[in-house]
Amino acid sequence: MSEYSLSINGKKLKVDVSEDTPLLWVLRDTLDLTGTKYGCGMAQCGACTIHIDGMPTRSCVTPVTLAIGKEITTIEGLSENGDHPVQKAWDTLDVPQCGFCQSGQMMTAAALLKENPNPDEEEISMAMSAHICRCGTYHRINEAVKLAAKLQKR
Amino acid sequence: MKNNRRDFLKNMLLTSGGLVIGFNSLGNSAAEIISMENVKDELLSNAFLTIDSNNLITIFSPNPEIGQGIKTAFAVIVAEELDVDWEKVVVKQADLDIKRFERQLTGGSGAIKHSWERLRKAGATGRYALVAAASKKWNVSATTLKTDKGFVINEKGEKISYGELVNDAVSVEIPKEIPLKSNKEFKLIGQTIKSVDNKTVLTGKAKYGMDYKQPGMLYAQIVRPQGFGQTLKDFDATEAKKIDGVIDVISFKDKVAIIGKSNWPIMKARKVLTINWTNTKELESDTKHNQIFTDMMKNGPFEVRRKDGDIEKAFAEAHKIIEAEYQCPFLSHSPMEPMNFFADVKKDSAKLVGPTQTPQSAQNQVAKLLNIPVENITVELTKMGGGFGRRLNNDYALEAAEVSSLIKAPVKLMWTREDDMSGGIYRPAVRYKFKASIDKAGNVTGFALKGVGLNAGNSTRQDNFPVGAIENVLIESADYKSDITTGPWRAPITNFLAYAEQAFIDEIAFAAGKDPVKLRLELLKKAIEKPVGKITYEPLRFEKVITTVAERAKWGSAKKGLHQGFSVYFSHNSYVAQIAEVEMKKGKPTLKKVFAVTDCGIVINQSGARNQIYGAIVDGLGHAMYGNLNFENGAPKQTNFDQYRLIRFNEVPEIDAHFIDNGIDPTGLGEPALPPTGGALANAIFKATGKRLYKQPFAQEDEKVAEIL
Ligand code: FES
Ligand code: FES
């Protein structure tokens with residue numbers, strides 16, 4: 001075990017974990033940031049997606065050491081009051097069913113819109129197809145990404 | 001102050017301990033506190049809501065929410081009859097409370113049908129008492145009063161809030177018959193209402209089972225036999241125990257449990273744990289399953305499920321005979337949140353927290369397993385990351401309880417995705433053989449179905465359409481007791497039977513030279529005019545969804561290059577007809593659109609209902625195309641999403657979801673839109689490519705359609 005200091009959602013936090021621990025388990029088990037979900041542990045489903053220096057990243061396959069000195073954002077830190085355009089759009093269009101995949105979906109959508117404020121169908125599809133929603137909320141995710149792009153411009 | 005505190009405690013006890021209260025008032029000044037002794041029994045029967053004197057209205061939703069939208073729908077029904085401001089209502093998931101609620105489970109799309117009346121009465125009783133209290137206060141007749149958004153309003157337009165009336169409302173005498181609103185008076189029901197959980201889900205604050213924590217809690221994972229039919233021989237945990245963060249390795253019931261301070265050390269320990277398993281018998285495989293199916297399809301033993309007329313005679317006199325066999329594999333439920341449960345077992349009590357579709361059965365089973373009085377076991381329901389039937393079985397909750405009792409500590413058991421996918425309770429593998437006869441005029445004279453399943457129980461639905469519309473019928477089923485465990489999977493049995501049957505009826509239509517939609521309507525006409533034996537469906541409702549979807553999709557006059565496939569199914573008391581449209585371009589088929597018309601009676605929440613239709617169709621398409629578990633040495637080869645393919649964002653077609661909404665009492669919607677989907681797709685594929693698909697997953701059955709989504 002070693003001590004690492006991490007910057008998460010704008011806060012400096014210290015954790016004492018072994019060096020190979022994936023960020024996912026550091027966030028969930030050590031820091032109680034349980035909004036980031038475990039779905040597969042092998043970069044297949046996207047439920048664990050967070051931002052590292054703004055890049056959407058699968059925390060289940062990212063060891064803690066790779067995040068040192070970088071800025072980590074989780075769903076809990078996507079916005080202060082739950083009013084990021086993506087969160088607003090997701091609510092307006094009532095996207096979630098069970099909701100388990102949605103933090104990951106929104107983290108990817110938020111990163112996409114930051115990088116590319118006007119994604120076309122193809123670009124949205126490319127980004128969002130990296131995720132699995134077992135409940136099948138894909139139609140509304142599609143609409144929500146487009147709505148979030150509009151909200152972001154205001 | 002003393003009194004105040006006593007009453008406060010009593011209220012707490014009553015709300016949390018099981019005795020049911022209609023109205024309470026927590027933590028307010030002495031004057032506002034209600035003396036529970038005076039509360040009428042009738043009001044006490046109102047388990048679903050509380051109103052406090054600050055006008056805070058809380059509605060409790062007792063049934064487990066797995067993503068089907070029940071928490072919101074239930075609350076909408078109560079709020080409708082209570083006539084409150086939806087925006088101000090707080091909706092809470094109620095924990096298991098058998099004294100307070102009936103049928104606190106999620107399964108069979110049965111909750112709405114079961115609870116519709118109860119929920120309405122719960123709301124209406126509250127409203128009645130509040131109106132009566134206001135009528136006394138104003139000294140006017142109750143019939144002159146109206147309610148809206150949590151206020152009682154008199155003829156002068158004066159308003160008084162429900163909160164202000166609570167103290168008087170509790171002593172109102174409640175009659176046996178409480179008037180309910182007419183459908184025309186609905187303000188909330190039928191609107192587009194967002195899920196009450198959006199706020200917490202979208203900010204990452206919602207607590208799923210996996211997120212639950214309690215001080216001093218340990219983590220556990222379990223290594224189970226690799227193949228079904230294996231037992232534990234021995235294990236060596238020397239290396240595993242050396243890993244920092246691992247606390248202990250124990251075994252019970254052919255399982256090895258690793259206990260640790262968090263999940264990652266446990267995962268590492270699993271890799272260095274040496275376990276030897278014993279094969280006590282021949283382990284099952286695809287090859288073995290094939291043999292069993294072939295043998296049993298030929299030799300049975302079959303149980304007759306239904307017999308009408310004389311099928312042999314019908315076949316002997318037939319102008320044409322049509323026969324086909326359909327096959328489907330085992331499937332994993334794979335809800336997005338893998339199985340997990342928290343347990344804190346003490347000598348004589350247990351606290352259980354986690355995701356389950358059947359909390360009461362978890363309570364009973366743990367009581368039996370650990371010999372703890374049922375009344376000393378509490379079950380708290382968390383938010384759940386899907387269920388699809390998997391969480392009807394509490395195996396993982398029992399494991400958590402057992403581990404906690406063995407290590408004498410609170411523990412959170414987590415299954416990895418691999419555990420979840422290889423841990424059994426699958427949708428059973430099934431095969432169906434259909435045989436039908438038609439006469440010279442193209443009428444269907446005989447219909448026979450043989451279902452063979454591996455741990456499928458009765459794999460037929462003997463009283464469902466087209467039974468009842470055909471003179472001579474024979475429905476039989478045979479079941480093999482396999483080591484591979486199975487359980488209900490979203491729309492049990494019908495999730496596959498519907499495809500097989502709807503594809504076969506399409507074949508009959510083709511052989512009879514009839515339009516597939518017309519053939520169904522002809523059959524239904526017979527079921528309306530002169531049904532043969534007992535039927536479970538209402539043919540007129542069936543007919544309506546068929547004609548409506550045909551109209552919406554312009555059946556029979558699709559654009560050039562578009563090929564339509566039709567399917568319709570009745571399950572869980574709802575009717576769903578679908579038309580799938582496949583486009584052929586340069587010899588390559590692509591699924592473009594699915595039209596769905598649903599009759600589930602009154603639609604309670606447009607948004608939730610649509611979500612269920614989209615979700616079920618996407619689910620149905622994905623699993624028909626890709627879903628597959630192959631077995632070797634008693635174990636599934638697919639253990640994670642890299643091999644077990646699920647449908648993704650870029651693969652979903654446009655969906656047109658329409659509801660009949662005929663004002664009939666509502667029925668379930670979590671499942672019924674899934675069964676018809678595979679059939680609509682297969683029939684559209686046939687139109688487009690000329691090839692019939694008899695085996696799921698379709699992507700493996702025919703390379704040409706592998707990319708159709
Ligand atoms: S849990 Fe990381 S991608 Fe699935
Ligand atoms: S909403 Fe349930 S998995 Fe996406």
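Four elements of chain B, namely α8 (263-272), β11 (274-279), α12 (395-407) and α13 (417-422), each supply at least two residues of the lining of the largest pocket. The model is predicted: local features need pLDDT of at least 70, side-chain atom pairs count only at pLDDT 80 or more, and totals for chains, interfaces and linings use all residues. Residues are numbered from 1 along each chain as its sequence is written, chains are lettered from A and ligands numbered from 1 in the order in which they are written, and side-chain values use heavy atoms, without hydrogens and water.

**Largest pocket**

- The largest pocket has a volume of about 1,100 Å³.
- Of its 43 lining residues, B:R270, B:T416, B:E418, B:D419 and B:S422 are the closest to the centre.
- α8(B) gives the largest share of the lining, 4 residues.
- The lining divides into 19 nonpolar, 12 polar and 12 charged residues.
- A pocket here is an open set of points on a 1 Å grid over the protein atoms alone, where a 1.4 Å probe fits, with protein on both sides within 12 Å along at least five of seven lines; lining residues have an atom within 4 Å of a point.
- Helices (H or I, at least four residues) and strands (E, at least two) are DSSP runs, numbered from the N terminus.

**Domains of chain B**

- The assignment, automatic or from a database, gives domain 1 (11-201), domain 2 (209-280 + 339-414) and domain 3 (300-330 + 426-705).
- The C-alpha centres of domain 2 of chain B and domain 3 of chain B lie 38 Å apart.
- Their contact (heavy atoms within 4.5 Å) takes 8 residues from domain 2 of chain B and 13 residues from domain 3 of chain B.

**Domains of chain A**

- Chain A is assigned domain 1 (2-78) and domain 2 (85-153).
- The C-alpha centres of these two domains lie 21 Å apart.
- The contact takes 17 residues from domain 1 of chain A and 12 residues from domain 2 of chain A.

- Just after α1(A), A:D32 takes a positive phi of about 65°.
- In α2(A) (residues 85-92), the buried residues are A:V86, A:Q87, A:A89 and A:W90.
- Seen down the axis of α2(A), these buried residues fall within an arc of 165°, so they line one face of the helix; the arc is that of the directions from the helix axis to the C-beta atoms.
- The buried residues of α2(A) pack against α3 (102-115) and α5 (138-153) of chain A, together with α6 (198-202) of chain B.
- Just after α2(A), A:D94 takes a positive phi of about 50°.

Terms used. Points joined across faces, edges and corners; volume = space filled by probe spheres on them. Nonpolar A, V, L, I, M, F, W, Y, C, P; charged D, E, K, R; others polar. Buried < 20%, exposed > 50% of the residue type's maximum accessible area, 1.4 Å probe, protein only.
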